[in-house]
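Have the model open beside you as you read.

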Number of protein chains: 2
Amino acid sequence: MALKLYSFWRSIATYRVRIALNLKGIVPDEIVDVDLLKGKQREDAFREVNPQMVIPALIDGDGPVMFQSMAILEYLEETHPQPPLLPRDAKGRARVRGLCQIAISDAHPMSVPRVRNYLTNELKLDPPTLLKWIRHWQQEALRAYEAHLTNGSGTARYCHGDTITLADACLAGQVVGSGFFDIDVKAYPACARIYDACMQNEAFAKAHPLKQPGAPEKISH
Amino acid sequence: MALKLYSFWRSIATYRVRIALNLKGIVPDEIVDVDLLKGKQREDAFREVNPQMVIPALIDGDGPVMFQSMAILEYLEETHPQPPLLPRDAKGRARVRGLCQIAISDAHPMSVPRVRNYLTNELKLDPPTLLKWIRHWQQEALRAYEAHLTNGSGTARYCHGDTITLADACLAGQVVGSGFFDIDVKAYPACARIYDACMQNEAFAKAHPLKQPGAPEKISH
């Protein structure tokens with residue numbers, strides 16, 4: 001059954017999914033590039049795929065289209081359980097999923113293209129004020145991760161234990177996304193340590209936004 | 001094992017969790033009120049519970065504290081599987097989880113207290129401009145739900161099939177939260193129909209924010 005991923009190099013939500021695909025050794029049969037910087041997600045061709053006009057989207061076999069990175073991550077975990085990216089115990093799973101949502105639902109939504117467009121076009125924020133907004137929410141998320149990773153039980157080599165979980169995929173996305181806005185993860189030592197451990201793994205490294213087709217050598221805001 | 005829920009009448013994220021608890025017939029042994037309007041989530045007592053300073057938080061037995069509504073919903077589903085609030089098939093589960101995330105990660109974060117505070121205090125938005133911002137993102141979410149519910153396969157009496165799922169809990173939260181800002185769900189017929197079906201169920205009705213201790217009779221922005 002063919003697997004089709006709608007992706008863009010810069011999309012942090014898609015980066016999470018690429019990490020999970022790599023970890024599980026799944027190679028999509030087709031990767032469709034949706035250029036968010038050119039607004040391709042708002043054109044008819046993609047609106048038919050996902051009326052919400054956001055990526056990632058995944059089609060496995062005869063569909064339907066799956067949407068929202070966390071839902072896709074859970075789907076990959078259920079359909080390709082090896083290696084497991086969620087712990088076995090329910091409380092551990094809750095912690096991992098909670099850590100995922102800090103990036104997915106608290107930080108990332110604040111700096112996606114639709115929000116940046118509204119801030120620029122409707123609220124007339126100038127570029128430095130927009131950048132300050134983005135940096136604020138990225139730093140809030142890193143602070144939240146740091147607090148949970150240093151105070152919470154379960155943190156070890158990775159966010160939860162000594163094996164990689166979905167929380168690490170989401171933390172890596174958070175760190176890389178923050179880096180796009182010149183936030184140095186070194187100010188958050190637990191995040192930095194775990195991010196470094198993740199990046200030693202080829203599944204994370206080769207999924208990096210700047211390693212994808214169409215990516216620039218260096219990021220600009 | 002004692003179950004302790006940190007809650008506030010107005011919290012839409014906690015509303016989702018209350019719905020699931022009611023559907024599964026789980027009665028928390030203790031409900032701790034965290035008055036978000038008074039900023040109690042930022043005081044030391046609660047920061048020790050959740051350093052991210054957001055609710056809901058749930059402690060089951062000897063802990064640790066669980067955080068993030070979606071992680072808590074998944075935990076309740078895993079530990080109290082009856083009645084199931086996720087479909088059995090992986091693609092159906094992905095659709096339900098994707099629908100959940102529209103509210104959880106796209107719309108709701110845009111109008112939580114910390115974001116409203118930043119918009120008011122840092123960006124100096126006046127109240128009408130703030131209200132316009134909130135209404136914009138709530139309406140975007142309802143449009144996204146409407147598109148998925150009318151075009152997507154699986155919609156029936158409820159968001160996914162003829163039994164209630166987590167998607168319905170999240171949609172109900174979205175509709176109630178939008179109503180706080182005078183958005184009439186009737187403009188979104190599929191959402192309105194499913195919301196009405198949900199509200200006929202006591203689990204949804206008695207979890208409603210305005211039915212909780214401390215709630216006013218009527219909402220004000």
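The contact brings together 36 residues from chain B and 35 residues from chain A, two residues being in contact if their C-beta atoms, placed from the backbone, lie within 7 Å. This is a predicted model, where local features need pLDDT of at least 70, side-chain atom pairs count only at pLDDT 80 or more, and totals for chains, interfaces and linings use all residues. Residues are numbered from 1 along each chain as its sequence is written, while chains are lettered from A and ligands numbered from 1 in the order in which they are written.

On the side of chain B that touches chain A, at least two residues each come from β4 (66-67), α3 (69-79), α4 (90-107) and α6 (127-151) of chain B. Helices (H or I, at least four residues) and strands (E, at least two) are DSSP runs, numbered from the N terminus. The largest share of that side, twelve residues, belongs to α4(B).

Now for the helix pair. α6(B) packs with α7(B) at about 145 degrees, their axes 10 Å apart; axes are lines fitted to C-alpha atoms, for helices over the stretch in contact, and angles run from 0 to 180 degrees between N-to-C directions. Here is who meets whom:

| Helix | Residues in the contact |
|---|---|
| α6(B) | B:Gln138, B:Ala141, B:Leu142, B:Tyr145 |
| α7(B) | B:Leu171, B:Gln174, B:Gly177, B:Ser178 |

α7(B) is mostly covered, with 13 of its 14 residues buried (20 or more other C-beta atoms within 10 Å of a residue's own, C-beta atoms being placed from the backbone).

Note on methods
Buried ≥ 20, exposed ≤ 12 C-beta atoms within 10 Å, placed from the backbone.
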